[in-house]
Every structure is written in C-alpha cells, then in structure tokens.
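Let us take a walk through this structure together. Please have the sequence and the coordinates open as you read.

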Amino acid sequence: MAADKVEFELVSPERLLLSAQVDMVVVPGAEGDFGVLPRHSPLISTLRPGVIRVFEGREVKQRIFVAGGFAEVTPERCTVLAEEAVPVGEIDAAKVDQQIKDLGEDLADAKTDEEKAVIARRIKVREAMKAAAA
Amino acid sequence: MASLKDLRVRIGTVRNTRKITSAMKMVAGAKLRRAQEAAEAARPYAERMGRMLGSLAQSLKGQAGASPLMVGNGKDKVHLLVVATSDRGLCGSFNTALVRRARQLARRLAGEGKTVKFLIVGRKGRDQLRRDYGDAILETITDVGRRQVRFAEADAVAEKIAKLFREGAFDVCTLLYNRFKSAISIIPTEQQLIPFAAPASGEAGASPAAEGPRVSYEYEPDEGEILAALLPRNLSIQIFRALLESNASEHGARMTAMDNATRNASDMIGKLTLVYNRTRQAQITKELIEIISGAEAI
C-alpha cells in the first residue's frame, strides 16, 4: 500500500458505498470537522450531519452528505459508518424542502416528547442537507 | 375403479399444480439470489461495527456506569424472545422449525421460573404461537421485507425493543432467526441482544487478536458517549442482519419445498398416466371380447 495515501471506506448499513485510496478526507465530527491524512493517530468519533470531502491532491474530488454515524481512524485507514449517505450533487433541493415541510407537520401532530425529539432530529438532518446542497 | 374421464381430469389437475409449484420455485430462486446479494452487501458494515464495538468494550472494561444495553439491568427475570418468521407460507419447515425452537426455549425459561414474552416478526410465527402464548405476545410486526429488507424497517424493530427495555418490560432479550447457510440448509439460531453479548470469535470477522497489537484509540467526544450512540445502532444492525438472513433463508426454503412439490407432482402424473393407460387397454380388450363372443354365438 502506498504510504502517502489513506484507505478511505464509506459504508452504509445496506452496502459498501465507496472504497478508495485518497490523499485526504475531511470528516464532519461531532466536535468539529477533522481532516484525515496518512499516519493520523487512532481515533473514534461520532459524526454530525454534514459533508464528507474527499481530496485527491489539493482538489476536492467528491462531496458526500452524511446524516450521521461513526468514523474510525487508524494510521492507514479511515472508515466511516454512515447512517445515510448521498453525494452532494444528487441532493434534490425541492424534495428536501418538501420533506422539511412534511416533517414540520408531523412535529405539530406529535404527542409525546420522545416523538417530538425524533422528528426534530430528522428536521435538523434535512436542514443540514439543504445547507450542503446550497 | 375410476372411469377414464375421472382419471383424465385428475391428471389435468396435478399438471396444473405442477405448473404453479415450478413457477414458484423459479420466483423463489430469483428472489433468493437478490436476498443473498443484499445479505452480503450488508456484511462490511456489521463487520466494521463489530470491530469498533470490540475496541470500545476493551477500553471500557471494568468501568462502572456502563450502559444497561451493554451489561443488562442486573436482573434476569423477564425474557423477551424476538422471533423472525415469514409472512407467507409454502416454504417447508422454515417457520415450524423456528417456532419449535422458540417453544423449547420458552418452556425451558418457564421451567426456571422466568417470565417469557414475545415480539414476533412475520404473520406465520404469530399464527403458530398465538394459541399457546397469546397473552405473552407483546406485538407482531408484519410486512417486513416485502420486496427487500430495508434498514429503516430493522431500525423500527430495534427502536421498539429499545423502548420496551427502557420501560422495563423485560430484562433479557434473545433473537431467534433462521441463519442462512445454503439454499438447502438453514439453521435456527438464537442470539442474545440485550445485554450485549460479543459475537463469538471468528464470526463477522470480529477477532481483535488477529489484528496484531492493539491500538489505543482517542475518542471524540468520549468513550461513554460514543458507546451510548453505538449500542442502539448495533442493536439495529444485528436485527437488520438477522432479517436479511431470515429473508434469504425463507426464499431458500421455499425453493426447496417447491422443488420437492414439483417432483412429487411429476411422480403422481406418471402413476396416474399408467393407471389411465391400463384402464383404457382393459376397456378395449373387454369390447373386443364382447364383439368376438357375439360373432361366435351366431
């Protein structure tokens, strides 16, 4: 394996989405974005809704929106377990708007605090998605 | 003896049945392939998850205040059995075998003086368990994986279990499902979900020892918080995996069952055709004898 590359893997519960040798990835960690270069110290972090940026050289090659999940970093590897992952280019702003609206209605209908919390979280995810697309 | 016409009708019926069973076999075969692919595609996630949990559990070992999902709530009184069966029948002993296993387990637990409750996935399991354990069934979830098992469905099941656990409806949760080995071999399997039991080494590639020296991770935010997020997630994943396996097994079982049915129908057609031909010949002979003896009498 090339010593100056990171083995990046993006996995969703349903399948392996991406597996590639890259120069750097920037991951939206729960306590701030962090970049992963080769020989990064081992780290496990939770993710917040945001955009993963994959770098080839100095260019951003891919932008992928994730709704949350976990990242595991070792000196050679960066594995992201995503809850939901969509390439930024494929986000349909109109559809997301509609979802936000629907969820807003759900929120008004929700009875228990628990339900409300779940829906509020979903709305946050969609809003982050919209921001990512913009 | 049945008349020629009756025989013809019967052969026709069996032939129709054979057409249906062989079509069902083909459909099950195609679905099996898809289900198998889905099960394989889901494997990497489960593996990585197992690896992360393994290293987390190691670094948290012996610390007080671990999540109840991990260590249980200290009681062992009420058991919840989650039984993953299918919605449709005509799949051989797929459901019966699993339900039998669930009954055995329930009897054993009851013998030890424990309370047993059920959460059932799939219509068939409910139908079979309702008679004996009607009151113990907390909930039935149907129409899971109609076309394909989606993660959201597994997540919903996991969420229900987690909620019941938070409300203190049970202490220990065990999942029963059919593990897919091959189209002709499915294995009823039990897996303890709560408290979390680390997968047996060798399975799901979660053998930390094989990965050389242990690396010590940094955690962000911190171990406890990650674990708190990871454990419910792991529950969903385990259920998702079980549902996928169960789905693949169902189609495999149906394929074998329909293959047998098709073969039986063919055998039956053969036997009936033999009887039909014999009867026909006997009738011809009888008519000939009648004509000849009639001619001789003159």
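Helices here are DSSP runs of H or I with at least four residues, and strands are runs of E with at least two, numbered from the N terminus. Keep in mind, too, that you are looking at a predicted model.

With that in hand, let us begin with chain B. Along its sequence the elements follow the pattern α-α-α-β-α-β-α-β-α-β-β-β-α, which gives seven helices and six strands. How does the radius of gyration of chain B compare with the globule rule? The value is 28 Å, well over the 19 Å that the rule gives for 298 residues, so chain B is more spread out than a compact globule. You can follow this in the C-alpha trace, which spans about 115 × 45 × 30 Å along its principal axes. As for burial, 42% of the 298 residues of chain B count as buried.

Now turn to chain A. Taken along the principal axes, the C-alpha atoms of chain A fill a box of roughly 55 × 30 × 25 Å. Of its 134 residues, 43% are buried.

Let us finish with a closer look at the surface of chain A. Helix H1 of this chain covers residues 93–109, and Asp109(A) lies in it. Is Asp109(A) buried or exposed? Its relative accessibility is 55%, and because exposed means over 50%, Asp109(A) counts as exposed. Together with Asp102(A), Glu105(A) and Asp106(A), Asp109(A) forms a negative surface patch.

Notes:
Residues numbered from 1 in each chain as written. Chains lettered and ligands numbered in written order. Predicted model: local features only at pLDDT ≥ 70, side-chain atom pairs only at ≥ 80, totals over all residues. Heavy atoms only, no water. Patch = residues over 30% accessible without salt bridge, like charges linked within 9 Å, V, L, I, M, F, W, Y side chains within 5 Å. Areas by Shrake-Rupley, 256 points an atom, 1.4 Å probe, with all protein chains shown as cover. Salt bridge = Lys/Arg side-chain N within 4 Å of Asp/Glu carboxyl O. Lys, Arg positive; Asp, Glu negative; His and termini not counted. Charge placed at Lys NZ, Arg CZ, Asp CG, Glu CD. Buried < 20%, exposed > 50% of the residue type's maximum accessible area, 1.4 Å probe, protein only. Rg over C-alpha atoms; globule rule 2.2 N^0.38 Å.
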